[in-house]
Amino acid sequence: MSECLFCAIAAGDIPGDVLVRTDRVMAFRDIDPKAPTHILIIPIEHYDDVPSVALADASLAGEIFEVAAGLAAAEGIDQTGHRLVANTGQQGGQTVGHAHVHLLGGRSLGWPPG
Ligand code: AMP
Ligand code: ZN
């Protein structure tokens, strides 16, 4: 099994509440949701963080945000508003070292984050 948690979810070795799977991107619900909708969108291929995806493959980065937009609509939070977050590195609060974008919505989200 992969040592990377999200690679293991992508491989099906660890279960995930998967909502979308394309050739290159997948999305699953966060196990510890911080809002009524809290979904993680990831590249299936391992990248350490979202900036690494953007620099290596801009079209893959675009696909991640395309999937996020579709899920926002599917969750009914495209019109009410939502938040896309890419925590990056230690001071960015990233805890899982596989690129992911959080889609959060369904309640008013404060700003700035803590
Ligand atoms: P980050 O802090 O930006 O790296 O976000 C990592 C996210 O992964 C957190 O919101 C966790 O709740 C979530 N997470 C950790 N383990 C799992 C899991 N097995 N399935 C789904 N989400 C997870
Ligand atoms: Zn990985």
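Gln94 is buried, with a relative accessible area of 17%; buried means under 20% relative accessible area, exposed over 50% and partly exposed in between, computed with a 1.4 Å probe on protein chains only. The structure is a predicted model, in which local features need pLDDT of at least 70 and side-chain atom pairs count only at pLDDT 80 or more, while totals for chains, interfaces and linings use all residues. Residues are numbered from 1 along each chain as its sequence is written, chains are lettered from A and ligands numbered from 1 in the order in which they are written, and side-chain values use heavy atoms, with hydrogens and water left out.

Gln94 is placed in the loop between S4 and S5. Helices (H or I, at least four residues) and strands (E, at least two) are DSSP runs, numbered from the N terminus. A polar atom of the Gln94 side chain lies 2.8 Å from the backbone nitrogen of Gly89, and the side chain of Gln94 also reaches the backbone oxygen of Val96, at 2.9 Å. A polar contact is a pair of N or O atoms within 3.5 Å; within protein, one must be able to donate a hydrogen and the other to accept it, and residues adjacent in sequence count only if both atoms are side-chain atoms. When neighbours within four places in sequence are left aside, Gln94 is in contact (heavy atoms within 4.5 Å) with Asp48, Asp49, Asn87, Thr88, Gly89 and His100.

The zinc ion (ligand 2) is held by Cys4 (SG), Cys7 (SG), His46 (ND1) and His98 (ND1), at 2.1 to 2.3 Å. Donors are N, O and S atoms within 2.8 Å of the metal (3.2 Å for Na, K and Ca); water is not among the atoms, so sites may look incomplete. The site of the zinc ion (ligand 2) is tetrahedral, with angles of 105 to 117° among its four donor atoms; four donors count as tetrahedral if all angles lie between 85 and 135 degrees. The spacing of the donor residues in sequence is C-x2-C-x38-H-x51-H. His46 lies in the loop between strand S3 (37–43) and helix H2 (50–56), and His98 in the loop between strand S4 (82–85) and strand S5 (101–105), so the pair ties together parts that are 52 residues apart in sequence. His46 is partly exposed, at a relative accessible area of 33%, whereas His98 is buried, at 0%.

Strand S4 contains Arg83. The side chain of Arg83 reaches the backbone oxygen of Gly110 at 3.0 Å. Beyond its neighbours within four places in sequence, Arg83 has contacts that include His102, Leu103 and Trp111. The peptide bond from Trp111 to Pro112 is cis, with omega near 0°, and Pro112 is found in the segment after S5.

One aromatic pair is counted. Phe6 and Phe28 form this edge-to-face pair, at 5.2 Å centre to centre and 75° between the planes. Rings of Phe, Tyr and Trp (its six-membered ring) pair if their centres lie within 6.5 Å; planes under 30 degrees apart count as stacked, over 60 as edge-to-face and the rest as tilted. Both Phe6 and Phe28 are buried.

Overall, the protein has three helices and five strands, in the order α-β-β-β-α-α-β-β along the sequence. Buried residues make up 39% of the 114 residues.

Key
Tetrahedral: all angles 85-135°; square planar, octahedral: opposite > 155°, others 65-115°.
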